[in-house]
Amino acid sequence: DKATVAIIGRPNVGKSTLFNRLVGRRISIVDDTPGITRDRIYADVEWTGKIFSLVDTGGIDFSGKDSIVNQMIRQAQYAIDTADVILLVVDANEGMTSADEEVADILRRSNKSVLLVCNKVDNFNRKDLLYDFYKLGLGDPIPISAGNGLGIGDLLDKIVAHI
Ligand code: GDP
Ligand code: MG
């Protein structure tokens, strides 16, 4: 059976940009305007002969009237229920937030493979941006720039190693 890989993380960390980068074309909408209809949140990705189904959970409406952190908890629960590998995306420039910590706690208690993806490391001389994220207890933070493509091949290698 084809594995499922889910992208989760706070609004604006670059989930849709990463989705498009991994898929190799722009099919997820890169925007944060509320109410925008996201036409595609699923796509197949092929890497070194392995194929997986990628899901941008940012395109699923978990909103209601709830706080961001509660929306993220539902997003994480959805990923735990449906995915084989979870990519928790954080914004390295913004640093760690309490929402990231709460979600990381939930993910750690699940038995899923989780990769901690530190996005917006646009310059790999700035790996100092990663240190804080070791505290999340999800293993080594993986630096990428979904925007310019840095680190994407290494991330894909790590994803397929888990499927
Ligand atoms: P989402 O809400 O998590 O889906 O985030 P988006 O993919 O819509 O991106 C939010 C903003 O971050 C957009 O302005 C993107 O252009 C920007 N962005 C995404 N990835 C990167 C990156 O690697 N580097 C930088 N500098 N900006 C990025
Ligand atoms: Mg998005």
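Let's start with two helices: α2 (residues 68-82) and α3 (residues 98-109) pack at an angle of about 25°, with their axes 10 Å apart. That angle makes α2 roughly parallel to α3 (roughly parallel covers angles under 35 degrees). Axes here are lines fitted to C-alpha atoms, for helices over the stretch in contact, with angles from 0 to 180 degrees between N-to-C directions. Helices are DSSP runs (H or I) of at least four residues, numbered from the N terminus.

This is a predicted model, where local features need pLDDT of at least 70 and side-chain atom pairs need 80 or more, while totals for chains, interfaces and linings use all residues. Residues count from 1 along each chain as its sequence is written, and chains are lettered from A and ligands numbered from 1 in written order.

Here's who meets whom, with contact meaning C-beta atoms, placed from the backbone, within 7 Å:

| Helix | Residues in the contact |
|---|---|
| α2 | I68, V69, M72, I73, A76 |
| α3 | A99, E102, V103, I106, L107 |

Now zoom in on L107, which sits in α3. L107 is buried, with 21 other C-beta atoms within 10 Å (buried takes 20 or more). Leaving aside neighbours within four places in sequence, L107 is in contact with A76, I86, L88, K112, V114 and L138. L107 and A79 are 28 residues apart in sequence, yet 9.4 Å apart in space, C-alpha to C-alpha.

Then there's ligand 1. Of the 18 residues around it, G14, K15, S16, T17 and G147 come nearest (a residue is near if its C-beta atom, placed from the backbone, lies within 6 Å). Helix α1 (residues 15-23) gives the largest share of that shell, three residues.

How values were computed. Parallel < 35°, antiparallel > 145°, perpendicular 65-115°, else oblique. Contact = placed C-beta atoms within 7 Å. Buried ≥ 20, exposed ≤ 12 C-beta atoms within 10 Å, placed from the backbone.
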